[in-house]
Amino acid sequence: MSDRYLPYAADAEQSLAPDELLVLRRQYERELPQARVQTKFNYAWGLIKSTSKREQQKGVGLMHEIYNENAERKRECLYYLAIGYYKMGEYANARVHVEQLLALEPGNAQAQSLRELIDERVSRDGLIGLAVTGGAVALVGVVAAAIFSKRSK
């Protein structure tokens with residue numbers, strides 16, 4: 001990660017230690033079935049920052065619940081939803097959420113930095129995808145040429 005993203009988009013690249021996530025999960029579970037919004041938010045944040053895609057998906061689900069139920073948390077939720085989708089490789093969803101945040105707060109440097117990070121990843125992964133596709137097409141061409149050359153002999 002480039003230093004120019006720090007501290008703004010650092011959340012997108014940093015993970016939470018399993019023992020830290022465990023503390024958040026225990027607090028959340030202690031408060032169930034009526035966990036406080038802040039406790040639920042902290043747990044969702046921790047799950048999104050996990051290295052496990054399954055935990056990230058659960059965190060995104062909880063963050064969507066908070067977004068839908070608490071108007072005062074929409075800004076924070078949009079940011080962490082964008083990060084969650086980014087970490088899961090769902091760049092289109094990440095882009096949608098960061099753009100929603102930027103529509104609310106056009107000058108938000110944190111969201112602008114995250115949008116740049118998403119765009120760079122899409123560009124890089126797109127180029128990798130094109131290279132893989134191009135390599136596969138070239139391989140098919142080589143195999144076809146070999147088959148046709150054997151048939152003509």
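Modeller: Let's start with contact, which here means heavy atoms within 4.5 Å. This is a predicted model, where local features need pLDDT of at least 70 and side-chain atom pairs count only at pLDDT 80 or more, while totals for chains, interfaces and linings use all residues. Residues are numbered from 1 along each chain as its sequence is written, and side-chain values use heavy atoms, leaving out hydrogens and water.

Colleague: Fine. How many helices and strands does the protein chain have?

Modeller: Helices (H or I, at least four residues) and strands (E, at least two) are DSSP runs, numbered from the N terminus. The protein chain has seven helices and zero strands, so from the N terminus on you read α-α-α-α-α-α-α. Among its contacts with a separation of 6 or more, 54% join residues 24 or more positions apart.

Colleague: And what share of the 153 residues is buried?

Modeller: Buried means under 20% relative accessible area, exposed over 50%, and partly exposed in between (1.4 Å probe, protein chains only). Here, buried residues make up 34% of the 153.

Colleague: Which residues have the most contacts inside the largest nonpolar core?

Modeller: A nonpolar core is a set of buried Ala, Val, Leu, Ile, Met, Phe, Trp, Tyr and Cys residues joined through side-chain atoms within 4.5 Å. The largest one has 33 residues, and those with the most contacts inside it are Tyr43, Met63, Tyr80, Ile83, Tyr86, Leu114 and Ile118. H2 (18–31), H3 (37–48), H4 (53–69), H5 (74–87), H6 (91–104) and H7 (109–152) each supply at least two of its residues. H5 gives the largest share, nine residues.

Colleague: Tyrosine 80 is on that list. Which residues does it touch?

Modeller: Tyrosine 80 lies in H5 and is buried, at a relative accessible area of 13%. Not counting residues up to four places away in sequence, tyrosine 80 touches Asp11, Phe41, Trp45, Ile48 and Met63. With the corresponding neighbours set aside, tyrosine 86 is in contact with Ala12, Glu13, Tyr91, Ala94, Leu117, Ile118 and Arg121.

Colleague: Now helix packing. At what angle do H3 and H4 pack?

Modeller: Two packed helices are described by the angle between their axes and the distance between the axes. Axes are lines fitted to C-alpha atoms, for helices over the stretch in contact, and angles run from 0 to 180 degrees between N-to-C directions. H3 and H4 pack at about 145°, with their axes 7 Å apart. Their crossing is left-handed, meaning the near helix is turned anticlockwise from the far one by less than a right angle (clockwise would be right-handed). Residues making the contact include Phe41, Tyr43 and Leu47 of H3 and Val60, Met63 and Ile66 of H4.

Colleague: What covers the buried residues of H3?

Modeller: The cover includes H2, H4 and H5. The buried residues of H3 are Thr39, Lys40, Phe41, Tyr43, Ala44, Gly46, Leu47 and Ile48. On the partner side, the buried residues of H4 pack against H2, H3 and H5.
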